[in-house]
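Here's a quick briefing for anyone meeting this structure for the first time. Have a look at the sequence and the model, then read on.

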Amino acid sequence: MSDNRQSLSDLGAIASGEQAVAANAQASSEQRADAYLAGQLDAPTNTTPLRAQELDKFGRAYATGRRKDAVARVWIKPGTGKITINGRDQEVYFARPTLRLVINQPFGVAERTGQYDVICTVKGGGLSGQAGAVKHGISQALTKFEPILRAPVKAAGFLTRDSRAVERKKYGKAKARRSFQFSKR
């Protein structure tokens with residue numbers, strides 16, 4: 001019985017010691033924040049290291065984007081916001097405004113609209129899949145050019161490859177799942 005009382009008192013002492021440590025840590029973090037705001041300390045360091053900037057010899061960032069059956073090779077460099085796809089301007093290649101809106105989404109999220117020139121080649125799939133592939137490639141290349149932009153672009157979901165694709169046709173079926181018409185008589 002006395003062993004139990006002693007172990008409970010030990011637990012109480014341990015718990016009060018942990019509370020004191022937590023209180024000291026809270027106070028010290030508040031003191032550091034106040035010192036930073038007063039200009040006495042440098043900026044707080046982030047524990048997650050940034051990725052290195054990846055540029056080629058021409059000062060461009062390269063990435064590959066994929067969507068459905070489309071594959072896009074994308075190069076970005078600082079510029080005026082001109083987007084060239086397969087040697088043609090974006091207004092010519094993607095005539096539908098919704099597709100142009102899709103490929104400009106990463107710049108809007110990163111607040112870099114009109115600051116980068118994009119040159120890309122895209123093949124395979126249809127126009128919608130190609131626009132998705134270009135968007136994925138621009139997002140990847142943007143994070144390689146400016147690693148600090150990785151967090152907002154990733155939070156928007158643009159770095160994840162959209163893996164949805166057309167399901168293959170099975171034998172004995174009219175399409176992937178559609179059966180042939182059945183006649184009762």
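Glu 111 sits in the loop between H3 and E5. This is a predicted model, and in it Glu 111 has a positive phi of about 55 degrees even though it isn't a glycine. With a relative accessibility of 64%, Glu 111 counts as exposed, because the cut-off for that is over 50%.

**Another positive phi**

- Lys 68 also isn't a glycine, yet its phi is positive, at about 50 degrees.
- You'll find Lys 68 in the loop between E1 and strand E2 (70-78).
- Its relative accessible area is 40%, so Lys 68 is partly exposed.

**Salt bridges**

- How many salt bridges does a search of the whole structure find? The search turns up six.
- One of them joins the side chains of Arg 112 and Glu 146, at 2.9 Å from N to O.
- Arg 112 belongs to the loop between helix H3 (97-110) and strand E5 (116-123), while Glu 146 is in the loop between H4 and H5, so this pair ties together parts that are 34 residues apart in sequence.
- Are Arg 112 and Glu 146 buried or exposed? Both Arg 112 and Glu 146 are buried.
- Asp 162 and Arg 67 also meet through their side chains in a salt bridge, with 3.4 Å from N to O.
- Here Asp 162 comes from the segment after helix H5 (150-155) and Arg 67 from strand E1 (residues 61-67), so the bridge ties together parts that are 95 residues apart in sequence.
- Asp 162 has a relative accessibility of 26%, so it counts as partly exposed.
- Arg 67 comes in at 14% relative accessibility and therefore counts as buried, since the cut-off is under 20%.
- A salt bridge also forms between the side chains of Asp 56 and Arg 60, at 3.1 Å from N to O.
- Asp 56 counts as partly exposed because its relative accessibility is 28%.
- Back to the Arg 112 and Glu 146 pair for a moment: its N to O distance is 2.9 Å.
- Salt bridges that share partners also make a network, which joins Arg 67, Asp 162 and Arg 164.

**Aromatic rings**

- The count of aromatic pairs comes to four.
- Among them is the pair of Tyr 93 and Phe 94, which is edge-to-face, with 5.1 Å centre to centre and 90 degrees between the planes.
- Tyr 93 has a relative accessibility of 13%, so it counts as buried.
- Phe 94 has a relative accessible area of 0%, so this residue is buried as well.
- Phe 107 and Tyr 116 make a stacked pair, with 6.3 Å centre to centre and 20 degrees between the planes; stacked is the word because planes under 30 degrees apart get that label.
- Phe 107 and Tyr 116 are both buried.
- Which residues do ring pairs link into a cluster? They are Phe 107, Tyr 116 and Phe 145.

**Helix H4**

- Helix H4 covers residues 127-145, which makes 19 residues.
- At 1.5 Å a residue, H4 should span 27 Å, and its end C-alpha atoms are 26 Å apart, so the two figures agree.
- Why is H4 described as largely enclosed by the rest of the structure? Because 15 of its 19 residues are buried.

Note on methods:
Residues are numbered from 1 along each chain as its sequence is written. This is a predicted model: local features need pLDDT of at least 70, side-chain atom pairs count only at pLDDT 80 or more; totals for chains, interfaces and linings use all residues. Side-chain values use heavy atoms; hydrogens and water are left out. Helices (H or I, at least four residues) and strands (E, at least two) are DSSP runs, numbered from the N terminus. The expected span of a helix is 1.5 Å times one less than its number of residues. Buried means under 20% relative accessible area, exposed over 50%, partly exposed in between (1.4 Å probe, protein chains only). Rings of Phe, Tyr and Trp (its six-membered ring) pair if their centres lie within 6.5 Å; planes under 30 degrees apart count as stacked, over 60 as edge-to-face and the rest as tilted. A salt bridge is a side-chain nitrogen of Lys or Arg within 4 Å of a carboxyl oxygen of Asp or Glu.
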